[in-house]
Amino acid sequence: MIVFALKRMLVVAAFCLINIAIYAQTNQPVTLTQDEKTATLSNSQVVLVVAKLTGNILSLKYLGTEMMGHGGGYWVTLGDITNKPVTQAVSMPSVFSVTKDPAKNKGDIGEMSIRFPYHGQEGVLPMNIEIRYTLHRNDSAIYGWTILDHAPTYPAFNIPLSDFTMKLNADVFDFLSIDSARQKLMPTSEEWVNGTELNMKEARRINSGPHAGEVEHKYDYNMLLSEVPAYGWSSTKRNIGLFIVNPSIEYLNGGPVMVDYQAHIDVKPKLPADPTLLFDWHTPHYGGKKIEIKATDSWQKVVGPFLIYANQGSSTHAMWQDALARVEKEKKAWPYAWADAKGYEHKSQRGSAAGKLQVHDPHAPKASPAGAWIGLAHAPYQVNLNGVPTTFDWQLDGKYYQYWGRVDAKGNFTIPNARPGTYVLYAFNNGILGDYSKANVTIRAGKTAQLGTLKWVPERNGKQLWEIGIPNRSAEEFRHGDHYWQWGLYNLYPQE
């Protein structure tokens, strides 16, 4: 009995030592090092190398594997200044700083900042731009975020596009996950380059490999960002993935109706044509409009923090599912308590709106608010769009923040985490014509605006006799409407 007990104690001790060793290996502190040109954030899982001059990602390794391709990762904001060429040039020199020093917090978190302060230079974007990267202990996610800031003393200009792009390692990544309908082993870079260009540079017929005869098209990967909060590339050879995980839609233009492509094969005509992963938060595609910044505007927008999330799994599906699970974790933590920057208000600095929505439509007595999007957005405002005065509502707005939630089965709703201010409350739902709106909803920090019961009476111009389709901002009930993104469907019209 004594011998048996000793053996058991030795086994338990060995097991504990193994666990301690594994914990020590995976729980290494965050470190932040730098030299003249680069800064490096690392922990036990990822190593991020950034150019201090530009803020671009030069290298991102996960468990020792290089994730970046030839182009690395870079940030772009286009500026349209009157009577001057469109530019993405930023003020130089940049200012690098360590905003969270892991040496001072026991290695729990590290964060770097690359700032481009505007000094009135010619030919550059007339605003301050800041890029940040944040890494936590024992985490495989890099948080990327940017802060755009325009003072009332700066010139007027417009922003047609603003995004973050990563060109990935083509020797690693071969599988793209967008949503349940688009999970695809992709053509290789060589197969793309050797394909036949069709009616646009973004579309090619693949001539070799398992996709021979198929058309590869950049716009096949359009997505509704509110419905696709995690998307990315993975490797069938190495069982690792890299995903964009977006915890909030408050900084997207158009809020819950924003559509754009966010991943594809680089459309270059020759190598390298790397797997591409993007996060476009302001886009001119699919009805997106420019942000008009007036000379008198004191304007700021914090985009993110969003996640550049590396993971591993037994299959591409498992890695995509893991990224979706990470979304839920991040949404619960939003706004992040650790994120410290001017303009990024924490939970205690924000407020909420709550109430109950009822639909009253004599022509559609079964109409229900259940599942409706309901949100707080800036009041409609006038924009000079190509010389024409145009009214921007929440669907076109990218200048201001928007905060959205869902109405439950009984019509109740809560819209959390809105910055203090006065908003218009909007709602829209499948099967109901038009929007609901209520002006002058005031949000105060730490308070919930109780809006009571709201009566939504859809506008009509007479008795409805019949209808074609469903008023739900989708064409999915029509021919090919459930895969509208596919190239060349218009070529089938004569046969169909």
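Select strand β18 to start: Ala230, Gly232 and Ser234 on one side and Tyr231 and Trp233 on the other are all buried, so that both faces of the strand are covered. Buried here means under 20% relative accessible area, exposed means over 50%, and partly exposed is in between (1.4 Å probe, protein chains only). In a regular strand the side chains alternate between the two faces of the sheet. Because 5 of the 5 residues of β18 are buried, the strand is largely enclosed by the rest of the structure.

This is a predicted model, in which local features need pLDDT of at least 70 and side-chain atom pairs count only at pLDDT 80 or more, while totals for chains, interfaces and linings use all residues. Residues are numbered from 1 along each chain as its sequence is written, and side-chain values use heavy atoms, with hydrogens and water left out.

**Stop 1**

Strands are DSSP runs (E, at least two residues), as helices are (H or I, at least four residues), and they are numbered from the N terminus. Two strands pair if DSSP finds at least two bridges between them.

Pick Ser234, which lies in β18 (residues 230-234). Ser234 counts as buried because its relative accessibility is 0%. Show its contacts (heavy atoms within 4.5 Å). Leaving out residues up to four places away in sequence, Ser234 touches Val172, Phe173, Asp174, Phe175, Ile240, Gly241, Thr316 and Met319.

Gly241 in β19 also stands opposite Ser234; β18 and β19 pair in the antiparallel sense over 5 bridges. Their hairpin has 5 residues between the strands, and Asn239 there takes a positive phi near 55 degrees. Ser177 stands opposite Gly232 in β18.

**Stop 1**

Ile240 stands opposite Gln312 in β24.

**Stop 2: the largest nonpolar core**

A nonpolar core is a set of buried Ala, Val, Leu, Ile, Met, Phe, Trp, Tyr and Cys residues joined through side-chain atoms within 4.5 Å. The largest one has 116 residues, and Leu60, Tyr133, Leu242 and Leu425 have the most contacts inside it. β24 gives the most to this core, with 8 residues.

Centre on Leu425. Beyond four places in sequence, its contacts include Ile374, Leu376, Phe413, Ile415, Tyr436, Val441, Leu451 and Leu454.

**Stop 4**

Select the open sheet of 3 strands with the order β30-β25-β33 and mixed pairing. Since β30 (412-418) and β33 (448-456) stand at the edges with a single partner strand each, one side of each is left without a neighbour in the sheet. Strand β25 (residues 351-359) is joined to β30 by 5 antiparallel bridges, and the bridge partner of Gly351 in β30 is Ala418.

Next, show β27 (residues 381-385) and β28 (residues 388-392), which run antiparallel and are joined by 5 bridges. Leu385 has Val388 in β28 as its bridge partner. The hairpin has 2 residues between the strands, and Asn386 takes a positive phi near 55 degrees.

**Stop 5**

On a 1 Å grid over the protein atoms alone, a cavity is a set of points where a 1.4 Å probe fits but cannot get out; a pocket is an open set with protein on both sides within 12 Å along at least five of seven lines, and lining residues have an atom within 4 Å of a point. Grid points are joined across faces, edges and corners, and a volume is the space filled by probe spheres set on the points.

The largest pocket holds about 980 Å³ of space. Of its 37 lining residues, Leu224, Val259, Arg473, Ser474 and Tyr484 lie nearest its centre.

Finish at the largest cavity, with about 30 Å³ of space. Its lining is Leu148, Ile159, Ser162, Tyr251, Trp281, His282, Ile291, Lys301 and Gly398.
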